[in-house]
Amino acid sequence: MATEQEPMTPPEQPGEIPSSSQVPEVDEQAAALDEMRDRWRRALADLDNLRKRHAKELERVRAEERARTAGAWLPVLDNLERALAHSDSDPSAVLKGVEAVRDQAVEVLRGLGYPRYEETGVPFDPTRHEVVGVVDTPDAEPNTVAQVVSPGYGADGKQLRPAFVVVSKRQE
């Protein structure tokens, strides 16, 4: 019984040259790997360039905002200098001028998003007030603001400074 068998090829041994049918597959895999490495390197370079661009843009925006804020304070400074120039005149006129400058400064802060608040008789709110003292006030509700030592600035979670207050304590 003679049967024709196909010749068997021996299994590949390390160091052997692969057959011609395996070379294109290896070349395709190597090319795909090289392409992935190239894409990875480009993505890293793009990310690095994006970081650098973002840092420059952030610094530019910060500088613009600092200049805008400083510019908002220039009229206040000008008016303070005018008030000082008239310091030898009528004291009541100087006082009115200084009050006007204070009002202007409060308006600048409000324009920057930090309105002034200094209400008394309101319930103590630890997110808006900082207690600097406690008093026994018979005619006030316990835990209410009896006196504002320094006003607070800000609203809606954007607080520049809490109001420093004296709070009424619970009467015993």
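Modeller: To begin with a loop, Asn143 is placed between strand 2 and strand 3. Please bear in mind that this is a predicted model.

Colleague: Is Asn143 buried, partly exposed or exposed?

Modeller: The residue sits in the loop between strand 2 and strand 3, and its phi is near 65 degrees, a positive value in a residue other than glycine. Burial requires a relative accessible area under 20%, and exposure one over 50%. The relative accessibility of Asn143 is 46%, so the residue counts as partly exposed.

Colleague: Which class of accessibility applies to Asp156?

Modeller: Asp156 belongs to the loop between strand 4 (152-155) and strand 5 (158-161). Those two strands form a hairpin with 2 residues between them, and Asp156 in the turn has a positive phi of about 55 degrees. The cut-off for the exposed class is over 50%. With a relative accessible area of 81%, Asp156 is therefore exposed.

Colleague: In what order do the strands of the open sheet with antiparallel pairing stand?

Modeller: Strand 1 (residues 116-117) and strand 4 run antiparallel and are joined by 2 bridges; within this pairing, Tyr117 has Gly152 as its bridge partner. Strand 4 is also joined to strand 5, by 3 antiparallel bridges, and there Ala155 stands opposite Lys158. Strand 1 and strand 5 are the edge strands, each pairing on one side only. The order of this open sheet of 3 strands is 1-4-5.

Colleague: Which strands stand at the edges of the sheet with mixed pairing, and why is one side of each left without a neighbour?

Modeller: This open sheet of 3 strands has the order 2-6-3. The twist averages 30 degrees from one strand to the next. Each edge strand has a single partner strand, so one side of it has no neighbour in the sheet; the two in question are strand 2 (129-135) and strand 3 (145-150).

Colleague: Which residue of strand 6 is the bridge partner of Gly133?

Modeller: Strand 2 and strand 6 (residues 163-168) pair over 6 bridges, in the parallel sense. The bridge partner of Gly133 in strand 6 is Val166.

Colleague: Is His129 buried or exposed?

Modeller: His129 lies in strand 2. The threshold for burial is under 20%. As the relative accessibility of His129 is 5%, the residue counts as buried.

Colleague: At what distance from the ring centre of Tyr117 does Arg128 lie?

Modeller: Beyond four places in sequence, Tyr117 touches Arg128, and its other contacts include Pro151, Tyr153 and Gln159. Arg128 lies over the face of the Tyr117 ring, and the distance from the ring centre is 3.9 Å.

Colleague: Which lysine has its charged end over the ring of Tyr114?

Modeller: A charge counts as sitting over a ring only within 6 Å of the ring centre and within 35 degrees of the ring normal. Here the charged end is 5.8 Å from the centre of the Tyr114 ring, and the residue is Lys158.

Colleague: How many aromatic pairs does the count give?

Modeller: For rings to pair, their centres must lie within 6.5 Å. By this rule, the number of aromatic pairs is 0.

Colleague: How far apart in space are Trp73 and Ala105, C-alpha to C-alpha?

Modeller: Trp73 lies in helix 1 (residues 23-85) and is partly exposed, with a relative accessible area of 30%. Not counting residues up to four places away in sequence, Trp73 touches Ala105, Val108, Leu109 and Leu112. Trp73 and Ala105 are 32 residues apart in sequence, while their C-alpha separation in space is 7.4 Å.

How values were computed. Residues are numbered from 1 along each chain as its sequence is written. This is a predicted model: local features need pLDDT of at least 70, side-chain atom pairs count only at pLDDT 80 or more; totals for chains, interfaces and linings use all residues. Side-chain values use heavy atoms; hydrogens and water are left out. Two strands pair if DSSP finds at least two bridges between them. Helices (H or I, at least four residues) and strands (E, at least two) are DSSP runs, numbered from the N terminus. Axes are lines fitted to C-alpha atoms, for helices over the stretch in contact, and angles run from 0 to 180 degrees between N-to-C directions. Buried means under 20% relative accessible area, exposed over 50%, partly exposed in between (1.4 Å probe, protein chains only). Contact means heavy atoms within 4.5 Å. Rings of Phe, Tyr and Trp (its six-membered ring) pair if their centres lie within 6.5 Å; planes under 30 degrees apart count as stacked, over 60 as edge-to-face and the rest as tilted.
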